[in-house]
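This briefing covers how two chains meet and where one residue sits.

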There are 2 protein chains.
Amino acid sequence: MPRFSQSVSALRSSAIRELMSLASRPDIISFAGGMPGNELFPVAEVEELFRGLDDKSKRAAFQYGPTPGLPSLLESLGGYLERKGLPVKTNRLMVTTGSQQALSILAKAFIDPGDRVLTEYPCFIGAIAAFRSCGADIASIPVDEEGIDIAMLRKEAERADPAKFLYITPYFHNPAGMLYTTERKQQLIEALQGRDIPLIEDDAYGDLWFSEEHLDRLKPIKSLDPEGLDVCYTGSFSKILGPGLRLGWMLAPEAIWEKCELIKQSADACSPSFTQVIADAFIRSGKIDTYIASVRQEYKKRAACMTDALRRHLPDYVQWNEPKGGFYIWLTLPEGADATAILKRAIEGGAVFVTGSTFDPDGTRNNTMRLSYCNNTPGEIERGIPIVAQAIRAVCG
Amino acid sequence: MPRFSQSVSALRSSAIRELMSLASRPDIISFAGGMPGNELFPVAEVEELFRGLDDKSKRAAFQYGPTPGLPSLLESLGGYLERKGLPVKTNRLMVTTGSQQALSILAKAFIDPGDRVLTEYPCFIGAIAAFRSCGADIASIPVDEEGIDIAMLRKEAERADPAKFLYITPYFHNPAGMLYTTERKQQLIEALQGRDIPLIEDDAYGDLWFSEEHLDRLKPIKSLDPEGLDVCYTGSFSKILGPGLRLGWMLAPEAIWEKCELIKQSADACSPSFTQVIADAFIRSGKIDTYIASVRQEYKKRAACMTDALRRHLPDYVQWNEPKGGFYIWLTLPEGADATAILKRAIEGGAVFVTGSTFDPDGTRNNTMRLSYCNNTPGEIERGIPIVAQAIRAVCG
C-alpha cells in the first residue's frame, strides 16, 4: 500500500457517489442533486456570444491566463459585484475553478492538520470535504430558520484557542434552504469582531430569490465591510450560467488574497480561459441579467410545485421550510427517525434524496433530509413526492 | 495578520510573475514563457466541432460532470493513450484541471509537512510550487543529457527513510530540454524497484518530437509497467490543443487513483465539462493527430531557427543542447556566472528569458538559463538572440 499523507489516509469515499449514479437512472426520480436543469442552460446565447468574439479574444480563450483571472473578466465581474454593494475596490477579486476551489484554497491557507474550524450544522458537503482534506477538526453550530445559533457561536468565539475560521452559507442555505435575517447577521458580526476568526461567506445561491421583499436580507455581510472581521466572500457562476464552466470567485482582503494566489498557482495555474472569455461576454452583453431573471421564475415555479405536493402528501410530524429562493427544502423528522431507512424505501419506490447525516460534519445526526426541486419537471415532482411521503410513513409511522 | 497554516506561511511569491508581466510588453522579445504561440491554436477547427455537436452534448458542456472526468472523454483519451502503449486497462485514468492539478493532487496524496520528496535538478517550477505548498522538503538530483544521475538516485533510494516519491519530466525536459535515453530509464526503474518510492512521470511535451528516430526513447516508463514500482503518469492538452482549456490527466494504479479522486472532489469537484466536451470531439474527429503533426513541424522550424542563431552569436564557453522536441533550450554558463545579472542586461536590450535558479528547488544555482522558442517568430528570434548573447558577454566576458 502506498504511504499516503496523514490527512489523506483518513479520507473515505462518501455515499454521495453511489447516490448520484442512482440519480442518473431514467427510472428514478431524483431530488438528490444540486445541479440546474440541463434544459435551462443558455446554450444558444453562449454559442452566439462566442461566435461574435473577435479573433484575439478567441485565441486568448485557448491560452494560459494570469492566475487570479483574465483582466477583462475581473473587471466585468467586479462591476457585477459592485452593483450588489460589495467592496471590490478595497479588497481583491480572484476567479477560481468553481467556488469549490475557493473553499479548497481558503482551507489550505488556514488549516494545519488538527486545527479547529467552525461550520454550520447542517453544512454544504463540498466545504466539509475541503476542510477535512486539510486535516481540519470541524465543530458545527446548528442553524434555525433565522441563521446560526448565536449563543453557541459566542462560546466558540470566546475560547482561548480560537478556531481558524467560520464558514457559513447564509443565503438560501445548502442544504437547510433558509435565509439569514438581517438581525442574525448583525449578531454574528458582533460575535466575531476582534476575535481573530475570519468569516468565509459562501453566496452561491443569493441571486436566485423568489421575491424582492427579501433583497434586504440578501445583502452580503461582506458588503457591510465590518471592522475587526476579515470576510472572504465566495460566489459562483454555477447557478447563474452553468457549473460545467467551472468558474467561481473569491473577494478577500489583500493579505489573504495574496496567499490564496500562491496556492492557486500551485493548484491549477489558472482557471479555464476558455470559459472565462464566455463568462466575461455573458456579463458584458447584459445577458446574465435577463438569464438570471428567467431562471428565478423557473425555480420559483418548481419550488411552488414541490411545496404544494409536500403540503398534500407529507405527514404532519414532518417539519420543513417554505423556500424563499435557491434549490432546497430541508425536512426534519421526529427525533430518532432514520433518513437512511427512508431513503432505502424511497429507492424501492423510484425516488432519491440526500439524507441529513451527509451534511453533518460528525456524520451522525440523521433525522433530516434534503429535497432539491431545481432539476425536476412538475410531473416528476407530482409523481416523486408521494413516493417520498410513503417512505416516510413506512418508516416513521 | 491572519493566522495562516504553516506550509502556506512559508510560501513567497516568485520572480516569475514580474518576469511574465515584462514578457507581455510589446517592446520586449520574450524567450521566457512556456506557452504555445497564440497563432497556432486550432480556433476554427474547435468552433466547427462545437457547432456540430448535438444539443445533448452541448447541454452536458454546461453541467457538472463526474469528478474523474466525462465518460466519453475518458474513453477517447484512454484510446489515445493506449495507442502510445500505456496500460490504460490495468490502471485508472482521471481528467485533471491541467496537469498542474495532477501534480497538486499527487502532492497532497503523499506529502505531510516536512516529508522528503525527490526531483530532478533543474525541475519544472509548477512541480516545485505544488510540492512546496504541501510543506515538502525537496531533494534534487542533477540530470545530464541522458537523464537523472543514477548513482545519486540509488543513494537516495537506499536511505532508511525513503522519500515519498520521485518526480521526473523525461521527455523534452522543462527546463533542461533533454530527452532520457532508454538505458537511463531502465537504470532508473532498477534503482526504484521494491523501494516503496512511487514515480511521478510527467509527459507534457512527449508528443512534440522533431524526428521519428527518437520514438523509442519517448516510450513512457509507465508503458513498461515495471514490477515493484508504482508509476503515476501525467499528461496535458496544453501543448496539443490549448492550455486555456485547463485539461490534463493522470494514469495511476487503483489505490493511488482512489485517494486522488477524493482529493480532486474537494479541490474543484470536476474539471470543466465545457472544455472536456471539446477535447473529446477533438480526439474523436481525428483532428488531434493532424494538429499535433502540424505544430511539431512548426516548433521544429522555430527550434532550428534558434539553434542557428545561438550557433552564430553565443560565445564558445556557453554549453547548450540541440533540442529533439518540446519548447526549450537550456544554456549552461561557466561556473560562478550569474544569470540574474545577465537577465538585467538583456531586459535593457529588450529581451527576457528565465534564470536557472528559478528551476532549482534550493533556489541557489544560477549559472544556467532557459530559452523558449515556442512562442516566437523567426524574426523575433533573429533580433532577440544577439541581445541575449551580448548580455552574456557583457557579464561573463
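Predicted model: local features only at pLDDT ≥ 70, side-chain atom pairs only at ≥ 80, totals over all residues.

Residues are numbered from 1 along each chain as its sequence is written, while chains are lettered from A and ligands numbered from 1 in the order in which they are written.

**Symmetry**
- Chain A superposes on chain B by a rotation of 180 degrees with 0.0 Å of shift along its axis (RMSD 0.0 Å), which is the relation of a two-fold axis.
- The superposition is by least squares on the C-alpha atoms of residues with pLDDT of at least 70 in both copies.

**Interface**
- In chain A, 58 residues are in contact with 58 residues of chain B (C-beta atoms, placed from the backbone, within 7 Å).
- H11(A) gives the most to the side of chain A that touches chain B, with 9 residues; helices are DSSP runs of H or I, at least four residues, and strands runs of E, at least two, numbered from the N terminus.
- 100% of the interface residues of chain A are also interface residues in chain B, so the copies meet through the same surface.

**Thr234(A)**
- Thr234(A) lies in strand S8 (residues 231–236) of chain A.
- Thr234(A) is buried, because 28 other C-beta atoms lie within 10 Å (buried: 20 or more; exposed: 12 or fewer; partly exposed: in between; C-beta atoms placed from the backbone).
- Beyond its neighbours within four places in sequence, its contacts include Ser99(A), Asp202(A) and Trp249(A).
- Thr234(A) and Gln101(A) are 133 residues apart in sequence and 9.9 Å apart in space, C-alpha to C-alpha.

Notes:
Contact = placed C-beta atoms within 7 Å.
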